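These are my notebook entries on one protein chain. I set down what I looked up, entry by entry.

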Amino acid sequence: MKRLFQAMTSTGVESASANLISLGYQKVPTTQKVGEFSVRGEVIDVYPICFDSPIRINLFDDEIEKIRTFNYQTQKGTGEIKEIEILPINEIIVNNIEEVEKKILSDCKVENETVLKDLDNFKNFQNLERMNKYISYISNKNESILDYIEDDREVCERKRLYGSD
């Protein structure tokens, strides 16, 4: 699963936000790091995996007017691009959270605080590292994020994403 944004094509703020959330991006007030996105009016800022800087998508009504990179510290544009392909931020991709939640709760014999907290975090795309224990409820397939990357796609270096060695 991935999402392609192209200049001069249609998408709404709500639709774009829903797509980004389904790809594992977290909605925040100001986009500053990989995996975050924010919305201000008809402007969507997103920091995709494999990019050195965040992307600003300017809409006019429901049409993408302009896509450009920007510096998150100064908020100034650094370059215009015609299209951007946004890949999932996490290996856990959920299209129907309500269905997954029903499955998990139906298997719980008693109300469990930890499970309820995990489900709340899951809905808000927080603490996703804890969701690995629910993977059998999410998918019957044994897949990883690498299954969604095309053969000619570059794999990002950990150092570039997280500043670690």
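Entry on helix packing. In this predicted model, I looked up how helix α2 (residues 97–107) lies against helix α3 (residues 113–123): the two pack at an angle of about 170 degrees, with their axes 11 Å apart. Since angles over 145 degrees count as roughly antiparallel, I therefore recorded α2 and α3 as roughly antiparallel to each other. Next I listed the residues that make the contact. From α2 they are I97, V100, E101, I104 and L105, and from α3 they are V115, L116, L119, F122 and K123.

Entry on the two faces of α2. Which residues of α2 are buried? I noted I97, V100, E101 and I104. Seen down the axis of α2, these buried residues fall within an arc of 100 degrees, so they line one face of the helix. On the face turned away from the buried side I found the exposed residues K102 and S106. I then asked what covers the buried residues of α2. The cover includes α3 and also α4 (135–138).

Entry on the sheet. I traced an open sheet of 6 strands, with mixed pairing, in the order β2-β3-β4-β5-β6-β7. At its edges stand β2 (26–27) and β7 (77–81); each has a single partner strand, so one side of each is left without a neighbour in the sheet. Within the sheet I examined β4 and β5, which run antiparallel and are joined by 4 bridges. As one detail, I recorded that D45 has R56 of β5 as its bridge partner. I also noted that α1 packs on the sheet, where it touches β3 (36–40), β4 and β5, and that the direction of α1 makes about 170 degrees with that of β3.

Entry on α1 itself. Helix α1 covers residues 13–22, and I listed V13, A16, S17, L20 and S22 as its buried residues. After α1 comes G24, for which I noted a positive phi, near 95 degrees.

Entry on a loop residue. I located S53 in the loop between β4 (43–46) and β5 (55–60). Is S53 buried or exposed? The relative accessible area of S53 is 19%.

Technical notes
Residues are numbered from 1 along each chain as its sequence is written. This is a predicted model: local features need pLDDT of at least 70, side-chain atom pairs count only at pLDDT 80 or more; totals for chains, interfaces and linings use all residues. Side-chain values use heavy atoms; hydrogens and water are left out. Buried means under 20% relative accessible area, exposed over 50%, partly exposed in between (1.4 Å probe, protein chains only). Axes are lines fitted to C-alpha atoms, for helices over the stretch in contact, and angles run from 0 to 180 degrees between N-to-C directions. Angles under 35 degrees count as roughly parallel, over 145 as roughly antiparallel, 65 to 115 as roughly perpendicular and the rest as oblique. Contact means heavy atoms within 4.5 Å. Two strands pair if DSSP finds at least two bridges between them. The arc is that of the directions from the helix axis to the C-beta atoms.
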